[in-house]
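Please read each point beside the coordinates.

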Amino acid sequence: SATCLAKMNMMRLVADTVRRQTSIFRSPSNTAQPLIADPETEPYLYEIQRAAIHSLVPGVVANTEDKIHAISRIGHLSWTGGSSAAEFAAENYLMILVSILDHDEPLSLKLQVVKSLSELFCGNRRNQDLARSQSVIDSVINLMASNDGNQELRQWCLHTLFYILCDNEANQIEALRNPNFKKCVRQELKDDWKGW
């Protein structure tokens with residue numbers, strides 16, 4: 001029937017989108033060779049890729065809880081997998097994560113993105129520099145400024161900014177250009193951090 005044919009075409013479109021998303025990965029040498037992480041030799045990269053493909057790539061329908069779980073896994077795997085896993089995640093999924101911060105999404109989802117971003121940027125200069133070029137700094141500062149009533153979110157934003165700005169003068173200059181930065185930091189210094 002026409003309905004069945006339309007559903008099959010939609011499924012093919014989603015499958016093609018996922019296939020395209022997984023074929024754009026780049027190898028660490030930044031050549032044009034596609035990188036599909038091998039579960040045997042690159043388990044952390046494979047799991048990051050798997051989490052994102054099932055819940056975050058365009059064309060995949062996932063509820064908020066599934067997205068939160070996927071973003072949490074990406075952050076944890078980036079942290080436990082070392083710098084290569086963090087760089088892989090940032091290189092391939094940072095734009096998706098930042099778009100969640102910049103759009104009308106549930107605060108619980110944005111909070112998880114901010115937490116996972118802190119794991120991507122912790123001690124990783126390459127990812128810190130990527131944060132500057134991908135407008136992550138402004139997105140996090142603006143999120144912190146727009147959520148006066150959510151102390152947990154603001155504190156995680158400041159925590160993430162610490163990792164983005166730590167020992168990176170260019171990022172610090174970029175943060176100071178944002179008119180909300182100083183005001184937000186001053187506000188957070190007044191907050192009670194004991195329960196954090």
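1. Helix 8 covers residues 151–165, and at 1.5 Å a residue its 15 residues should span 21 Å, which agrees with the 21 Å between its end C-alpha atoms. The expected span is 1.5 Å times one less than the number of residues. Helices (H or I, at least four residues) and strands (E, at least two) are DSSP runs, numbered from the N terminus. This is a predicted model, in which local features need pLDDT of at least 70 and side-chain atom pairs count only at pLDDT 80 or more, while totals for chains, interfaces and linings use all residues. Residues are numbered from 1 along each chain as its sequence is written, and side-chain values use heavy atoms, with hydrogens and water left out.

2. The buried residues of helix 8 are Leu153, Arg154, Gln155, Trp156, Cys157, Leu158, Thr160, Leu161, Ile164 and Leu165. Here buried means under 20% relative accessible area, exposed over 50%, and partly exposed in between (1.4 Å probe, protein chains only). Their cover includes helix 5 (107–121), helix 6 (125–133), helix 7 (136–146), helix 9 (169–177) and helix 10 (181–190). Glu152 also lies in helix 8, but counts as partly exposed at 40% relative accessibility. Glu152 and Gly195 are 43 residues apart in sequence, with a C-alpha to C-alpha separation of 9.6 Å in space.

3. Which residues touch the most other members of the largest nonpolar core? They are Ile48, Leu56, Leu117, Val136 and Leu161, out of 44 residues in that core. Two or more residues are given to this core by each of helix 2 (43–55), helix 3 (64–80), helix 4 (83–102), helix 5, helix 7, helix 8 and helix 10. Helix 4 supplies the largest share, ten residues. A nonpolar core is a set of buried Ala, Val, Leu, Ile, Met, Phe, Trp, Tyr and Cys residues joined through side-chain atoms within 4.5 Å.

4. Apart from neighbours within four places in sequence, Leu56 is in contact with Lys67, Ala70, Ile71, Ile74, Ile96 and Leu97. Contact means heavy atoms within 4.5 Å.

5. The structure holds ten salt bridges, each defined as a side-chain nitrogen of Lys or Arg within 4 Å of a carboxyl oxygen of Asp or Glu. Among them is the pair Arg126 and Glu87, at 3.0 Å from N to O. This pair links distant parts of the chain, with Arg126 in helix 6 and Glu87 in helix 4, 39 residues apart. Arg126 counts as partly exposed, with 37% relative accessibility. A salt bridge also joins Arg126 to Glu91, at 2.9 Å from N to O. Because Glu91 lies in helix 4 and Arg126 in helix 6, the pair ties together parts that are 35 residues apart in sequence. Glu91 has a relative accessible area of 33% and is therefore partly exposed.

6. Asp129 and Arg125 form a salt bridge at 3.4 Å, N to O. The two residues are four residues apart in helix 6, so about one helical turn separates them. Relative accessible area is 26% for Asp129, which is partly exposed, and 44% for Arg125, which is also partly exposed. Elsewhere, salt bridges with shared partners join Glu47, Arg50 and Arg73 into one network.

7. Glu119 is buried yet has no salt bridge, and the nearest side chain of opposite charge is that of Lys115, 9.3 Å away. For such charges, Lys and Arg count as positive and Asp and Glu as negative; His and the chain ends are not counted. Leaving aside neighbours within four places in sequence, Glu119 is in contact with Gly75, His76 and Trp79.

8. Backbone angles are the last topic. Most residues other than glycine have a negative phi. Ser135, although not a glycine, has a positive phi of about 65 degrees. Ser135 is placed in the loop between helix 6 and helix 7 and counts as partly exposed, at 42% relative accessibility. Asp167, also not a glycine, has a positive phi of about 55 degrees. Asp167 belongs to the loop between helix 8 and helix 9. With 68% relative accessibility, Asp167 counts as exposed.
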